[in-house]
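Hi,

Here is the structure I promised to pass on.

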Amino acid sequence: MNPRFRNVRRIGPVNVASYLARGRNRHVAACTAPRCDFSAEYDSRAAAELAARTHRCSA
């Protein structure tokens, strides 16, 4: 089952979203730039947004 993303926010080229996984809130940051493979999951929304703000694309 694919997660249903909610509270999606774009910070530069990075999308930050929240979803429910196994009864727990999870947060993900993923870069949308071509050929950039950055994506990561976090336990807190603040950590995901910090990762989005400090991400530097290698592409």
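**Notes on the side chains**

At 53% relative accessibility, Asp 43 counts as exposed (buried means under 20% relative accessible area, exposed over 50%, partly exposed in between, with a 1.4 Å probe and protein chains only). Before I go on, some housekeeping: this is a predicted model, where local features need pLDDT of at least 70 and side-chain atom pairs count only at pLDDT 80 or more, while totals for chains, interfaces and linings use all residues. Residues are numbered from 1 along each chain as its sequence is written, and side-chain values use heavy atoms, with hydrogens and water left out.

Back to Asp 43: its partner in a salt bridge is Arg 26, with the closest N and O atoms 2.1 Å apart. (A salt bridge here is a side-chain nitrogen of Lys or Arg within 4 Å of a carboxyl oxygen of Asp or Glu.) Asp 43 sits in the loop between S4 and H1 and Arg 26 in strand S3, so this pair ties together parts 17 residues apart in sequence. (Helices, H or I with at least four residues, and strands, E with at least two, are DSSP runs numbered from the N terminus.) Arg 26 is buried, at 17% relative accessible area. Arg 26 also meets Glu 41 in a salt bridge (3.3 Å, N to O), and Glu 41 is partly exposed at 47%.

How many salt bridges does the structure hold? There are 5. Another one joins Arg 53 and Glu 49, at 3.3 Å, N to O; both lie in helix H1, 4 residues apart, about one turn of the helix. Salt bridges with shared partners link Arg 9, Arg 45, Glu 49 and Arg 53 into one network.

Arg 45 is in helix H1 (residues 45-54) and is buried, at 15% relative accessibility. Its side chain makes a 3.0 Å polar contact with that of Ser 18 (a pair of N or O atoms within 3.5 Å; within protein, one must be able to donate a hydrogen and the other to accept it, and residues adjacent in sequence count only if both atoms are side-chain atoms).

On the cysteines: there are 0 disulfides (a disulfide being a pair of cysteine sulfur atoms within 2.5 Å). For Cys 36, the nearest cysteine sulfur is that of Cys 31, 3.6 Å away. For Cys 57, the nearest is also that of Cys 31, at 3.3 Å.

Cheers
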